[in-house]
Amino acid sequence: MSAVTQMMNDYRARAAAFWSVRTEQERIFLRVGALVLGAALFYSVLVGPALEGRDKLRKSLPELRQLAAELQALGAQAVALRSQNSIAPSPMSRDTLASSLATRGLNAQSLSVTGEYAKVQLNGVPFAALVVWLDAVRVESKIQVQDASISAQDSAGMVNATLTLRQSSAGH
C-alpha cells in the first residue's frame with residue numbers, strides 16, 4: 001500500500017472510533033451542525049457572490065446603457081462634423097505657395113499662379129521634403145497635384161520636379 005492510502009485508512013479508523021463512542025443525540029447534533037456548516041459554506045462561496053454581482057450589474061446597467069447611447073451619439077456627431085469643413089482654406093496664391101515652400105526649406109526656381117492653377121519648378125530638392133510639402137498643402141489648403149514630372153538627379157534622394165497644382169473647391 002502506498003503512504004497516502006495508509007494515511008487515509010488511519011483517518012477513517014479514527015473517525016469511525018470517534019463516531020462509535022457518541023450517543024445518538026450527539027450524532028444527530030453533529031449531523032445537523034455539519035449540514036448547517038456545509039449550507040453556510042455553499043452560500044458564502046457560491047451563491048452570495050453571484051447574487052451580489054447580479055445586483056451590482058442590475059444597478060449599473062441603466063448607467064452603462066446611457067453611456068453607450070452617449071458614445072453612439074458622439075460618434076454620429078463626429079462623423080457628421082468630419083464631413084463638414086468649417087474653415088475654408090485660404091485661396092491659393094503665389095505668396096501662400098512661396099511661404100509654404102520656404103517653411104519646408106524648399107526654394108522654387110519658378111512659381112506662377114494662373115487662375116485656379118499653379119505651376120511650380122523645383123530643382124535639386126530632396127524627394128522626401130517634396131513629398132512632405134505636397135502632403136502638407138493637400139491637407140492644409142486642399143491643393144491637389146494635377147500633373148507632375150519628377151526626375152532623379154545623380155545625388156541620392158535629390159530630384160528635379162515640375163508640378164501643376166489645383167486647389168479643390170469646397171464642393172469637391
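Predicted model: local features only at pLDDT ≥ 70, side-chain atom pairs only at ≥ 80, totals over all residues.

Visitor: What separates R138 and D135 in helix α4?

Guide: R138 and D135 sit 3 residues apart in α4, which puts about one helical turn between them. In general, an α-helix has 3.6 residues a turn, so residues three or four places apart point the same way.

Visitor: Why is the meeting of R138 and D135 called a salt bridge?

Guide: The label asks for a side-chain nitrogen of Lys or Arg within 4 Å of a carboxyl oxygen of Asp or Glu. The side chains of R138 and D135 meet at 2.5 Å, N to O, so they qualify as a salt bridge.

Visitor: Are R138 and D135 buried, exposed or partly exposed?

Guide: Buried is under 20% relative accessible area, exposed is over 50%, and partly exposed is in between. R138 has 47% and D135 has 37%, so both count as partly exposed.

Visitor: How many salt bridges does the structure hold?

Guide: The structure holds 5. One of them joins the side chains of E24 and R27 at 3.9 Å, N to O, and that value is still within 4 Å, so the label applies. E24 and R27 are 3 residues apart in helix α2 (residues 24-83), about one helical turn. With 47% relative accessibility, E24 is partly exposed.

Visitor: What does the salt bridge between R104 and E140 tie together?

Guide: The side chains of R104 and E140 meet at 3.4 Å, N to O. R104 is in the loop between α3 and β1 (110-114), while E140 is in helix α4, so the pair ties together parts that are 36 residues apart in sequence. R104 is partly exposed, at 28% relative accessibility.

Visitor: What makes S141 count as buried?

Guide: S141 has a relative accessible area of 17%; the cut-off for buried is under 20%, so S141 passes. S141 lies in helix α4, and setting aside neighbours within four places in sequence, S141 is in contact with P89, A136 and Q167.

Visitor: How do you know that the buried residues of α4 line one face of the helix?

Guide: The buried ones are L130, W133, L134, A136, V137 and S141. Looking down the axis of α4, they fall within an arc of 165°, so they line one face. Their cover includes α3, β2, β3 (143-152) and β4.

Visitor: How does the reach of α4 compare with the span expected?

Guide: α4 has 15 residues and reaches 21 Å from its first C-alpha to its last, close to the 21 Å expected at 1.5 Å a residue. Just after α4, K142 takes a positive phi of about 55°.

Visitor: Which residues have the most contacts inside the largest nonpolar core?

Guide: That core has 18 residues, and those with the most contacts inside it are L97, L122, L130, W133, L163 and L165. The elements giving two or more residues to this core are α3 (94-103), β2 (117-126), α4 (127-141) and β4 (158-167). Not counting residues up to four places away in sequence, L165 touches residues including M92, L97, V120, W133 and I143.

Key
Residues numbered from 1 in each chain as written. Heavy atoms only, no water. Core = buried A, V, L, I, M, F, W, Y, C linked by side-chain atoms within 4.5 Å. Buried < 20%, exposed > 50% of the residue type's maximum accessible area, 1.4 Å probe, protein only. Helix = DSSP H or I, 4+ residues; strand = E, 2+ residues; numbered from the N terminus. Contact = heavy atoms within 4.5 Å. Expected span 1.5 Å × (residues − 1). Arc of directions from axis to C-beta.
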